[in-house]
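Morning, everyone. Please have the model open on your screens, and we'll walk through it together.

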Amino acid sequence: MKQTIERVAVLGSGVMGSRIAAHLANAGITSYLLDIVPKELNPAEQAKGLTLQNPEVRNRFARENLEEAKKSKPAAFFSSDLSELVRVGNFEDNKEWISKVDWVIEVVTERLDIKQQVLQMVDQLRMAGTLVTSNTSGIPISALASGRSDDFRKHLCGTHFFNPPRYMKLLEIIPTSETLPEVVEFLTQLGDRVLGKGIVYCKDTPNFIANRIGVLSMLYTIKAMVDDKYTIEEVDLITGPATGKPKSATFRTADLVGLDTIVHVARNLYDAVPKDEMREFFTILPFIETMMKNKWLGDKTKQGFYKKTKGAGGEKEVLTLDYTTMEYRQKQKAKFSSIDIGKNIENVSERIKALTYSQDRAGKFTWKTLSAILLYSAQRIPEIADEIIHIDNAMKWGFNWELGPFETWDAIGVEESVKKMKEEGKNIPQWVEQLLSSGKKSFYRYENGVRSYFDVRTKEYKAEKETPGIILLPSLKDRKKEIKKNSGASLIDLGDGVACLEFHSKMNAIGEDILQMTQTALAETEKNFQGLVIGNQGTNFSVGANLMLILMQAQDENWDELDLVVRAFQKATMSLRCSSKPVVAAPFGMALGGGCEFSLGADRIHSSAELYMGLVEAGVGVIPAGGGTKEILIRNLEGIPANSDVDLFPFVKRAFETIGMAKVSMSAMDAKAIGYMRSTDSYSMNRDHLIGDAKQVVLGMAKSGYTTPKMRTKIPVLGEAGLANLTVGIHLMKEAGYISEYDAHIGRKLAFILCGGDLSAKTFVSEQYLLDLEREAFLSLLGEKKTQDRIKFMLEKGKPLRN
């Protein structure tokens, strides 16, 4: 077996096959995307005069599905250019490609006979040692191994990706009794480091772990809704963030996944698990059968539990299915006092517990459904997994639950909840009874920064396995590695002479506390460390500056105070840039506004592959004033030889467009294309490794002989000639209706900075000169009512106001 993967054959080009090929391309891996040969011409092919022998026809399925993947939203590829790494073909003309690959992934339709037929072909063509995996969501891997050669069976495994593969973290690995241990280990390392996945080991049981529990949870919830007469809106309110689930909750998730997919899994489970104590809930309710008959399958058919339409005035409108009449009606706003109270509880464990024991209708529904799912999950051990941690991770990574079932059980109190379950006559799994009778009161415990979980086999706590390269900041803090702390940030010792500046304010918004800690962190680093990482392990790196505090200061006309705050922000980002020790920013998720500016201030960026970075200030009526405007200008001018005759205007125009259009990257690769990241910057496919990888970048920079950057004093600016050109462009955009008059006003302020202000000719300026222009423009715009109105609208609605 090869220890690297250079080429992969993806067999089956449907939604999952094409998206898996796309994600392989994201990881830099070439793939062959193969599918069947069409049996008849379509109208377009007939119009062209093509025949069934034409390659365009014979590769139609793979080609069209790849095109769909290229257009999909959310994007399947980090960059559209990566689609060149996917080569399309068919099973008849191109089957010999299978002999050239290191890994074959089978993703054909969910029928055992078809899969066996395809794998028989693979067995005849593959080189010895080639990995073969199936993306089946429910067919036993052992059935796919039947009749295959000895070497094939040893290298066969299940690899169940979740849709969409780029974004869903879970990769279920399902070995058979004959799969070589080194195959499982190799797939684990590949999935973790190369593809960025969270690995869960599953037993070869029907629908493995996540779908077994996730689909039961959904179907039980729907049955409870019907039995207890709740509305779809009420259930979605209860089963969303209020209980640690995604905003899509139950029915929006069903529409996204597709009702036909859910029904297929449910029917498969009903047939495959005759002894399951909850088998009756895998039967399909009559109103769902009607939806299937009507093709109300969700987003793919434009209507499901919800239906998007247009109102009388042409405005977008979302209707909800009334399952009692099977007609769509106006969406009704659901409201429960317990959920309103819970919105003020930030800690998810505390929020779930408060709702679970509430006595209103939301609390009763939560208890009924949650207690059933917890018991069902416990009953699945050791059937689908031997360890509770695999079940918890599967549900967090595959269904985006904030807490897995056993983490949730700990949150509501194991002893308290089991007592209530017994009072209701529910059967408690024996091993849960044993946990409580032994004096233990939780499935997990924390000691000295190490999390342990209850091992069902030994009846003792077992330390969670540490993965090399993964650094957990909460664990370091528990082990007394926190050097300094205030309300917004901490300085943590990562070991090996590297410190970490961690943000932990609400949404990691940057305020005075973070700015103060930045200076403290730099001073401490320069005295006692080799370098500094700026990173955290929140939901997003940082959504930017604290807009609410800025708005309040502006409304109170505290201009001197605001001037000091902006100066402090500029000082922080410039201190990062001019530090005598290397500074590496480790952004992930959203790194917007000030979060982007902090990253731009570092020597290097080592980000997560999933990075939504941008200077979005123009959307709220201001311009970046923490060094972002200056830094984007400089980055666009980098590489132009000094004293050359190169026309600078195209480079300045690109900087203007980046900031003025508030461009946000859709990946780290895209951030490089836009200019937020340099070619020397890097990224991790798996965010779990981000802090550890950034630490290694710091150590590498220190080892190679880091020198303190100097303040830049010769930045070329175009003066009034460049400003005139940009102003004309702004005017034309306004006249064409692309931007409002106020957008044009902001644009002119931005152009003034990028061209060096009130200068008559091309010349050179310093960083501080540009920072002063940034600050002046920011404060002047902030004093205008339209900007304040935009900020208020953003805070209330969560989206920019265009006027």
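Let's start with a pair of helices. Helix α23 passes α33 in a left-handed crossing. Keep in mind that this is a predicted model.

Find α23 at residues 547-555. Its axis and that of α33 come within 10 Å, and they cross at roughly 145 degrees. Which residues make the contact between α23 and α33? On the α23 side, they are L547, M548, L551, A554 and Q555. On the α33 side, they are Q788, I791, K792, M794 and L795. Sort the residues of this contact by type, and you get seven nonpolar, two polar and one charged.

Now pick out Q788. It sits in helix α33, which covers residues 785-797. Is Q788 buried or exposed? Its relative accessible area is 14%, and buried means under 20%, so Q788 is buried. What does Q788 touch, if we leave aside its neighbours within four places in sequence? The list is L551, A554, Q555, L782 and G783. Look at L782 again. Its backbone oxygen lies 3.1 Å from a polar atom of the Q788 side chain.

Helix α22 runs over residues 512-528, and helix α24 over residues 559-577. They pack at an angle of about 35 degrees, with their axes 10 Å apart. The crossing of α22 and α24 is left-handed. From α22, the contact uses E512, L515, T518, Q519 and L522. From α24, it uses E561, V565, A568, F569, K571, A572, S575 and L576. By type, the residues of this contact are seven nonpolar, three polar and three charged.

On to salt bridges. How many does the structure hold? The structure holds 63. We'll look at a few.

Start with R451 and E464. Their side chains meet in a salt bridge, at 2.7 Å from N to O. This pair links distant parts of the chain, with the two residues 13 apart. R451 is in strand β13, residues 450-455. E464 is in the loop between β14 (460-463) and α21 (473-478). How accessible are the two partners? R451 has 14% relative accessibility, so it counts as buried. E464 is at 28%, which makes it partly exposed.

Next, D340 and K335. They form a salt bridge too, and the closest N and O atoms are 2.7 Å apart. D340 counts as partly exposed because its relative accessibility is 28%. K335 is exposed, with a relative accessible area of 62%.

One more pair: E741 and R748. Their side chains meet in a salt bridge, with 2.9 Å from N to O. E741 is partly exposed, at 43%. R748 also counts as partly exposed, at 33% relative accessibility.

Last stop, a network. Which residues are linked in a network of salt bridges? They are R577, K630, E631, R635, E638, R678, R712 and E767.

Quick recap. We saw a left-handed crossing of α23 and α33, and a left-handed crossing of α22 and α24.

Key
Residues numbered from 1 in each chain as written. Predicted model: local features only at pLDDT ≥ 70, side-chain atom pairs only at ≥ 80, totals over all residues. Heavy atoms only, no water. Axes fitted to C-alpha atoms, helices over the stretch in contact; angles between N-to-C directions. Helix = DSSP H or I, 4+ residues; strand = E, 2+ residues; numbered from the N terminus. Left-handed = near helix turned anticlockwise from the far one by under 90°. Contact = heavy atoms within 4.5 Å. Nonpolar A, V, L, I, M, F, W, Y, C, P; charged D, E, K, R; others polar. Salt bridge = Lys/Arg side-chain N within 4 Å of Asp/Glu carboxyl O. Buried < 20%, exposed > 50% of the residue type's maximum accessible area, 1.4 Å probe, protein only. Polar contact = N/O pair within 3.5 Å; in protein donor to acceptor, adjacent residues only side chain to side chain.
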